[in-house]
Amino acid sequence: MKKHYGLIGHPLGHTLSPYIHRQIMKECHIDGTYQAYDVPPDLLEKKMLSFAKRLDGFNVTIPYKETILMYLQGTDQETQIYGAVNTVCSGRGYNTDAFGFRACRVPLERRSVLLLGAGGAARVMLYEALCEKAGRITICSRRVEQANQLIAETRQYYPDADLCFCAKEELGHDYDVVLNATPTGMWPHCDGIPVSKEVLLGAEYVFDAIYNPPASRLVLAARSYRIKAQSGLSMLFFQALEAQKIWNPETDFTQLSVLIQQYKLKRKLFMTFPIKIVLTGFMGCGKTTVGSALAKALRIDFIDLDVQIIEKKQKSIVQIFEEEGEPVFRRLEREFLTEALQEGKAKVIATGGGALIDPENVELVRKKQGFIIFLATDIENILSRVGDAADRPLLKGAARERAIELYEQRMPVYQSVADFTAEADGPVSDVVAQIRGAFDL
Ligand code: NAP
């Protein structure tokens, strides 16, 4: 008999749950439907009665994870600790977020943990960290009273837990594991980062509950430092799988190809919520070659701003500089960058070496779901690639000395604006692999 499942929340926006559940059901031969129901608070009680009759099971999301408890006949033990439900089956509430987080295998035992946020996801991560015998756990959230309440409630279950609150401005950089349980950095506000990059410096592992974009700025910063990092996508997938297991205890889920499903999910996410991968770096660092190879590998568009400017003006960049001056070139660059960022498709954008030296351009990229990738290259390598610099207007004249001077001026700027730094002295395929790895794509 056909089964019917759903998700209730408000507002629901672009939820991935229907996609994930339908894929799991399809692959595991469960004959069923899964619909998202956006239920405003004044209709919750009425809708609950009809869902209980009509649906074989449903998921619950923000803002009803706690309120739903009053409509249920009971919960499992884990849910009582979390005080929140995300799955309902036969009138009973379950919380599968903990299962999802556990499945991500974040190393917690004896680690000092920094937990960002003090809401529902933070509570799940906190209890998991305690179950895994983490060391000191520092909670950082904007509202100190919310964090203190979480600490007080946790002490009821774990009286000896080593817990403390720390304000964002006071954070050090000696945490082994950093867990983000705030929405900062979530699409479309991808420019957000919950803590400064420096906080990650001593870490061995970073976990971000955010699953959209595929790699948040926090995850990219960690990967730039070569710290292992994971986004919340696996957690999302495994909490959904666990819900399906609760609803369909007779089904054999071992037939599910988890890796293929996760790959499809990443791809779906990437195409539905487009991000822009914006390459920066010194002249000759390979932005055009790497950019076009990366776009080809990801099957998305590639835009080279310098090529667009040359085509529009029907002049080389040297000619534009000589005949019209640098300000005209920079204005065109801004225009084309703005246009490239407007269109709603995922793409790779190669910028000229000076484009992201301008903070306004950086701001523009960040506001439009753009991530800045710095292709770091050695100056000697650049000099051998650039040759006599005939087509590089800023190098005309004393090429070598001028290049070294410009390189030294620009390098710190590239480093400070970059969301991820790729070592770009090696083969193109290697650089592409680094960037794909950073985004998990
Ligand atoms: P929540 O209960 O609303 O808690 C959010 C926490 O983040 C609160 O402590 C809040 O406290 C803090 N916060 C909110 N906005 C902030 C901002 N702009 N800057 C800094 N802190 C902020 O939400 P939740 O259910 O815990 O979810 C948190 C995040 O985890 C969401 O992005 C959600 O999508 C994600 N999540 C992912 C999964 C998964 O399967 N991957 C599962 C659950 C949740 P203050 O307002 O005081 O700062």
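This is a predicted model: local features need pLDDT of at least 70, side-chain atom pairs count only at pLDDT 80 or more; totals for chains, interfaces and linings use all residues.
Colleague: Why is Glu333 called buried?

Modeller: Its relative accessibility is 2%. Buried means under 20%. Therefore Glu333 counts as buried. Glu333 sits in helix 13, residues 326-342.

Colleague: Which residues is Glu333 in contact with, leaving aside its neighbours within four places in sequence?

Modeller: Leu305, Asp306, Ile309, Gly352, Gly354 and Ala355. A contact here needs heavy atoms within 4.5 Å.

Colleague: What makes helix 7 largely enclosed by the rest of the structure?

Modeller: Helix 7 covers residues 217-224, and seven of its eight residues are buried, so the rest of the structure largely encloses it. The buried ones are Arg217, Leu218, Val219, Leu220, Ala221, Ala222 and Arg223.

Colleague: What follows helix 7?

Modeller: Arg226 follows helix 7, with a positive phi near 65 degrees.

Colleague: Why is the pair of Arg217 and Asp419 called a salt bridge?

Modeller: The closest N and O atoms are 2.7 Å apart. The cut-off is 4 Å, between a side-chain nitrogen of Lys or Arg and a carboxyl oxygen of Asp or Glu. So Arg217 and Asp419 form a salt bridge.

Colleague: What does the pair of Arg217 and Asp419 tie together?

Modeller: Arg217 is in helix 7, and Asp419 is in the loop between helix 16 (399-417) and strand 17 (420-423), so the pair ties together parts 202 residues apart in sequence.

Colleague: Are Arg217 and Asp419 buried or exposed?

Modeller: Arg217 is buried, and Asp419 is buried too.

Colleague: How do you know that Asp162 and Arg136 form a salt bridge?

Modeller: Their side chains meet at 3.2 Å, N to O. The limit is 4 Å. So the pair of Asp162 and Arg136 qualifies. Asp162 lies in the loop between helix 6 (144-157) and strand 9 (163-165), and Arg136 in the loop between helix 5 (120-131) and strand 8 (137-140), so this bridge ties together parts that are 26 residues apart in sequence.

Colleague: Which residues are linked in a network of salt bridges?

Modeller: Lys313, Lys315, Glu323 and Glu324 are linked in one. By the 4 Å rule, the count for the model comes to 19 salt bridges.

Colleague: What makes strand 2 and strand 4 the edges of their sheet?

Modeller: Six strands form an open sheet in the order 2-1-3-5-6-4, with mixed pairing. Strand 2 (32-38) and strand 4 (74-75) each have a single partner strand, so one side of each is left without a neighbour in the sheet.

Colleague: Which way do the residues of strand 3 point?

Modeller: Gly57 and Asn59 point one way, Phe58 and Val60 the other. All are buried.

Colleague: How many cavities of 30 Å³ or more are there?

Modeller: One. The largest cavity has a volume of about 30 Å³. Tyr19, Ile20, Gln23, Ile24, Phe237, Gln261 and Leu265 line the largest cavity. Helix 1 (17-27) and helix 9 (258-272) are the elements that give two or more residues to that lining. Helix 1 gives the most, with four.

Colleague: What is the make-up of that lining by class?

Modeller: Five nonpolar residues, two polar and no charged ones.

Conventions
Residues are numbered from 1 along each chain as its sequence is written. Side-chain values use heavy atoms; hydrogens and water are left out. Buried means under 20% relative accessible area, exposed over 50%, partly exposed in between (1.4 Å probe, protein chains only). On a 1 Å grid over the protein atoms alone, a cavity is a set of points where a 1.4 Å probe fits but cannot get out, and a pocket is an open set with protein on both sides within 12 Å along at least five of seven lines; lining residues have an atom within 4 Å of a point. Grid points are joined across faces, edges and corners, and a volume is the space filled by probe spheres set on the points. Ala, Val, Leu, Ile, Met, Phe, Trp, Tyr, Cys and Pro count as nonpolar, Asp, Glu, Lys and Arg as charged, and the others, Gly among them, as polar. Two strands pair if DSSP finds at least two bridges between them.
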